[in-house]
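Q: Can you walk me through this one? I have not looked at it before.
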Amino acid sequence: MPRRARPDCVTSGRQRKSEWSLPPFRRELPASPQSPNGSPRRAAMVVPQLLVLFGSQTGTAQDVSERLGREARRRRLGCRVQALDSYPVANLIHEPLVIFVCATAGQGDPPDNMKNFWRFIFRKNLPSTALCQMDFAVLGLGDSSYAKFNFVAKKLHRRLLQLGGSALLPACLGDDQHELGPDAAVDPWLRDLWGKVLGLCPPPPGLAEIPPGVPLPSKFSLLFLHEVPSAGSEGQQVAHPGSREPPSESQPFLAPMISNQRVTGPSHFQDVRLIEFDISGSALSFAAGDVVLIQPSNSAAHVQQFCQALGLDPEQLFTLQPREPDVLPPTRLPQPCSVRHLVSQYLDIASVPRRSFFELLACLSLHELEREKLLEFSSAQGQEELFEYCNRPRRTIVEVLCDFPYTAAAIPPDYLLDLIPAIRPRAFSIASSMLAHPSRLQILVAVVQFQTRLKEPRRGLCSSWLASLDPDSGQAPVRVPLWVRPGGLAFPEMPDVPVIMVGPGTGVAPFRAAIQERVAQDRTRNVLFFGCRWRDQDFYWEAEWQELEKRGCLTLVPAFSREQEQKVYVQHRLRERGPLVWELLDRQGAHFYLAGNAKSMPADVSEALVSIFQEQGGLCSSDAAAYLARLQRTRRFQTETWA
């Protein structure tokens, strides 16, 4: 399919395509030198190029993007895969072919690693012809049980059209709620996409597509060292006390843990911890509403199990060598690195493997029966069986490898970083204020543990790891790698503006920070709706709230869902206090905040508010909905929710 003609357009001084001697989506590779036997190697060739940009919150969009990269390489196409916020967005006008892969987080929010891009692409001063030379496609990943299903992908698709881009296909809307997951929409969409892409930029003549069963080259080679280096220490780059630079993902601060206290009753079904860190000298700075990111580690038992399954020596040292010039080793891995450090600190062996894991494992398998099963799991037809085997019981990577022992034992170490994703940092709302505790940082952590049909309970990696740490063990100080980033909640700067906060369960954490901060600034117009099951089991910070009430700094409205026959939640308490809520919002300009589980609670609270606007404000249904939308648009209604 020939590339269509485009109208002339002016974009930031960019040359028109007709003036370029080489189309930008083709990169010329240098001629290769002679082969060892003296015969000339293949002459220089032109490799078509495309760009895949992703916004990912939990890793699914990144996994799909890397799948696109692999499928492009199999079709002999050059492909760059980058997170949206790591890509210099001003260069987008020079990209002729871009695939955007975007998840939708929370209540229609862009993922954290595309928020800067999101702000840029929606600038009102961007010309309508800015992307007139770009062909694009948008692949969205969402959950249809949420009101704003795939909101980010839909909105981005419209915006790219507004800026002059040309869509190769309608946006793909992957749905977690489908019985086969997002792949039910993604698989047929990708087949159509490759037909369009190969029409725009066919591969070099004479190069056949690499068959699916043949493994692509690994990103890195692991060069094992036979001698221990005489100098250097293994460990991640960290921000040291006294550093002027604030800690970051590439240089986290190793914060000493001061306390790790269970704050739920002994008979309560869930273990919830209040954890405190010493951040003295860290250059960390945060305000109410900000979040701390923590980099967890795998358990020693899982590390040992993994190394045994693959026949690896945990103490063996190696260096990483990229196979491509534009690929860099992960900054979190030291050079040289031990196998133990790689497995315990970097490879996410306790995660549930995705389909791509089985695709590569099948390519690497030398065992006929195991390979046959792995190919079935990685096929489109085998997704129901894969869901029953892996997703429903939440089977982990290390458990899958133990189920395929011959394949696991034959995995080349070079492929470890292609096969297993990196451990992702976990975000927690900061539950303390620097104004109240200048050198401390506190978080409220619900320890994730549940049972499936598998014998071993399923455990959250980060919460279980944090709960296992004992700062009072009397041994070396317990240190946790962490850094801080802005959160989704911003509290009013005007001192006389009231705030209404709704925080059931651990959703109350950011509001404790906000209340501490506001009380320290003599801002006493604070209303907190807090929900839990039992007053004597999971009423977090009860004594603290009651003391603030006595001082006139807080109005507390608790909801204890299990203490009466009819369950009572925060939305019920909101309706009961409807006159107060309406008075504060409509007549006193209050800001409204909501934090907690994203499943049904936000919709229930929004419904309660609309009901209050009708009953207390005399608004009709459509006007009440418009009133709520106006609060959201003007940032007087803000949410911070998580799955």
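A: Buried means under 20% relative accessible area, exposed means over 50%, and partly exposed lies in between (1.4 Å probe, protein chains only). Also, this is a predicted model: local features need pLDDT of at least 70, side-chain atom pairs count only at pLDDT 80 or more, and totals for chains, interfaces and linings use all residues. Residues are numbered from 1 along each chain as its sequence is written, and side-chain values use heavy atoms, with hydrogens and water left out.

Q: Okay. Which residues of α14 are buried?
A: They are A509, P510, F511, R512, A513, A514, I515, Q516, E517, R518 and V519. That is 11 of the 12 residues, so α14 is largely enclosed by the rest of the structure.

Q: What covers the buried residues of α14?
A: The cover includes β14 (426-429), β15 (440-446), β19 (499-502), β20 (526-532), α15 (542-550) and β22 (591-597). Helices (H or I, at least four residues) and strands (E, at least two) are DSSP runs, numbered from the N terminus. Contact means heavy atoms within 4.5 Å.

Q: And what follows α14?
A: D522, with a positive phi near 60 degrees.

Q: New topic. At what angle do the axes of α8 and α9 cross?
A: Roughly 105 degrees, and the axes come within 7 Å. Axes are lines fitted to C-alpha atoms, for helices over the stretch in contact, and angles run from 0 to 180 degrees between N-to-C directions. The two helices, α8 and α9, are therefore roughly perpendicular to each other. Angles of 65 to 115 degrees count as roughly perpendicular, under 35 as roughly parallel, over 145 as roughly antiparallel, and the rest as oblique.

Q: Which residues meet there?
A: From α8, K373, E376, F377 and S378; from α9, Q383, E385, L386 and Y389.

Q: Now A105. Where is it?
A: A105 is in the loop between β4 (97-103) and α2 (115-121).

Q: Is A105 buried or exposed?
A: Buried, with a relative accessible area of 14%.

Q: What does A105 touch?
A: Leaving out residues up to four places away in sequence, A105 touches Q57, P110 and P111. Q57 is 48 residues away along the chain, yet the C-alpha atoms of A105 and Q57 are separated by 6.8 Å.

Q: Last one, the whole protein. How many helices and strands are there?
A: There are 19 helices and 23 strands. Of the 643 residues, 50% count as buried. The C-alpha atoms fill a box of roughly 90 × 65 × 50 Å, taken along the principal axes.
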